[in-house]
Amino acid sequence: MSFKILVINPGSTSTKIALYENEKEIFCETLDHPAEEIDKYNSIQEQFEMRKECVLLCLKDKGYKVEELAAVVGRGGMLPSVKSGAYKVNDKMVDRLRNNPVIEHASNLGAIIAYEIANSIGVSSYIYDSVRVDELEDIARISGMPEIPRTSTSHALNSRAMAMKVSEKYGKKYSDMNFIVAHLGGGISVSVHKKGSMVDIIADDEGPFSPERSGRVPCKELIDLCFSGKYDKKTMSKKLRGNGGIKAYLNTVDAREVEKMINEGNEKAKLVYEAMAYQVAKGIGELATVVKGQVDYIIITGGIAYSKLMTGMIKERVEFIAPVEIKAGENEMESLALGTLRVLKNEEQYREYAE
C-alpha cells in the first residue's frame with residue numbers, strides 16, 4: 001500500500017514540513033516566521049493558528065490535498081517523561097501541551113497542529129521519539145544528590161533512528177544489539193542503547209561541551225561563579241546554554257569556521273576543537289561501562305558528523321571499544337516519517353498517552 005505522511009517540526013522561528021510517500025521524500029520545506037511576525041504573539045500557543053495555516057498553504061501550493069494523507073506526525077514536545085517510539089496524539093496530550101507543558105517550547109505545537117489537521121480528515125496523528133524519551137534504568141537515576149534525580153532529555157529521535165539503520169545494514173534487529181550513539185549538533189548528547197531500550201544518556205548539560213553549550217563543568221567553581229555577584233541568573237544560564245562551549249572560546253558556533261581557523265594555523269582553535277572530540281570520546285567510554293563493554297557499534301551522528309576532522313579524532317580514541325559508524329545529519333524529518341510508516345504497516349505498535 002501507498003501511505004502519504006505529513007511531517008511537522010516547529011522550531012522557534014520556523015516550521016519545517018515534509019511530505020513522504022512511504023520511504024520516499026516528496027518535498028521538504030522550511031517555513032520561516034520572521035521576528036516581526038513572531039513578536040505579535042504573547043505566547044507560543046498563540047502562534048498555533050498562524051503556523052497551521054502556513055502548513056496547509058504550503059501543502060496546497062505544492063499541489064497536494066489534505067485528503068490524500070494517511071497520517072500526520074508532529075515533533076514530540078515537552079511532555080512529562082515518555083517511552084520511546086510512537087504515541088497516538090489524543091485529547092490528554094493536546095491538553096497537557098497547551099496548558100501545562102514541562103517547558104514552553106515551539107515543539108509543543110507539533111502534536112497540536114498534527115492533531116487538528118488529521119482530525120479534519122478522519123485519520124490519526126502521532127508523535128515519535130520525543131526529546132522527553134526516558135527509559136533510564138533505576139541505577140542511572142541516582143545522581144548523588146537526592147533533590148536532583150537524573151532524568152533523560154536527549155536527541156532520542158535521530159539517535160534511535162540511526163541505531164535502527166545500522167541494525168538493518170547488518171541484517172539484525174535493533175532489539176538484539178547494543179549501541180552507543182553520539183549526536184553532535186549545537187548541543188551534544190550521548191546515549192547507550194541496550195537491546196532496544198535507551199537505558200542511559202549523557203545529556204547536553206552533563207557531558208561534552210558543544211558549539212554553544214558548556215557541558216559538564218566543575219561544580220564547586222560553578223557555584224562560586226553563581227554567587228560571585230558578577231552575574232544574574234539569566235546571564236549564567238546563557239553561559240551554560242547559548243554562550244558556552246566553542247562560542248565562549250572562539251566566538252563562533254560554526255564548526256566550519258573553526259576548521260578554517262585551524263587550517264590557517266590557529267593553535268587555540270585546534271586545541272579547543274580537539275578538546276571537544278576528546279570529551280565526546282570520554283562520554284562514549286563512560287557509557288561503554290553500562291553494558292560492560294559489550295558494544296556492537298558506536299554511531300556518530302548529527303550535523304557536525306559531516307566533519308571528517310572531528311569524527312576522525314573521536315574514532316581514533318574509541319574504535320578499540322567497537323566499530324564506528326558515521327551517520328551524518330540531523331535526519332529528523334525522515335525519522336518521524338519512517339517511524340510513523342512502521343505504525344501504519346503494523347510493524348510497530350503505537351502507545352496511548354495517559355498522564
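## Around Gly-245

Leaving aside neighbours within four places in sequence, Gly-245 makes contact with Phe-209, Ser-210, Pro-211, Glu-212, Arg-213 and Ser-214. Keep in mind as you look around that this is a predicted model. Gly-245 belongs to helix α8, which covers residues 245–250. One of its contacts, Arg-213, is 32 residues away in sequence, yet the two C-alpha atoms are 4.8 Å apart in space.

Is Gly-245 buried or exposed? Its relative accessibility is 5%, and because buried means under 20%, Gly-245 counts as buried.

Let us move on to strand β4, residues 71–74. Ala-71 and Val-73 point one way from this strand, while Val-72 and Gly-74 point the other way. In a regular strand, side chains alternate between the two faces of the sheet. All four of these β4 residues are buried.

Which strands pair with β4? One is β1, which runs parallel to β4 and pairs with it over 4 bridges. Here Ile-5 has Ala-71 of β4 as its bridge partner. Another is β6, residues 124–128, and this pairing with β4 is also parallel, over 4 bridges. Within β6, Tyr-126 is the bridge partner of Val-73.

## The nonpolar cores

Val-72 also leads us into the largest nonpolar core, which has 39 residues. Leu-6, Leu-69, Val-72, Met-93 and Ile-117 are the members that touch the most other members. At least two residues of this core come from each of β1 (4–10), β2 (14–21), β3 (24–32), α2 (48–61), α3 (91–99), α4 (108–121) and β9 (197–202). Helix α4 gives the largest share, 8 residues. In soluble globular proteins, nonpolar side chains tend to be buried together.

What does Val-72 touch, if residues up to four places away in sequence are not counted? Its contacts are Leu-6, Ile-8, Ala-114, Ile-117, Ala-118, Ser-124, Ser-125 and Tyr-126.

Now for some open space: the second largest pocket holds about 590 Å³. Its lining is made up of 24 residues, and Met-164, Glu-168, Arg-342, Glu-347 and Glu-348 are those nearest the centre of the pocket. Helices α5 (156–169) and α12 (332–344) each supply at least two lining residues, with the largest share, 7 residues, coming from α5.

How do the lining residues of this pocket divide by class? There are 12 charged, 6 polar and 6 nonpolar residues in the lining of the second largest pocket.

How many cavities of 30 Å³ or more does a search of the whole structure find? The search finds 1, and the space in the largest cavity is about 40 Å³. Lining the largest cavity are Arg-75, His-155, Ala-156, Leu-157, Asn-158, His-183, Glu-330 and Glu-332.

Helix α5 turns up here again, with 3 residues as the largest share of the lining of the largest cavity. By class, this lining has 3 charged, 3 polar and 2 nonpolar residues.

Key
Residues numbered from 1 in each chain as written. Predicted model: local features only at pLDDT ≥ 70, side-chain atom pairs only at ≥ 80, totals over all residues. Heavy atoms only, no water. Core = buried A, V, L, I, M, F, W, Y, C linked by side-chain atoms within 4.5 Å. Buried < 20%, exposed > 50% of the residue type's maximum accessible area, 1.4 Å probe, protein only. Contact = heavy atoms within 4.5 Å. 1 Å grid on protein atoms, 1.4 Å probe; cavity = no way out; pocket = protein on both sides within 12 Å on 5 of 7 lines; lining within 4 Å. Points joined across faces, edges and corners; volume = space filled by probe spheres on them. Nonpolar A, V, L, I, M, F, W, Y, C, P; charged D, E, K, R; others polar. Pairing = 2+ DSSP bridges.
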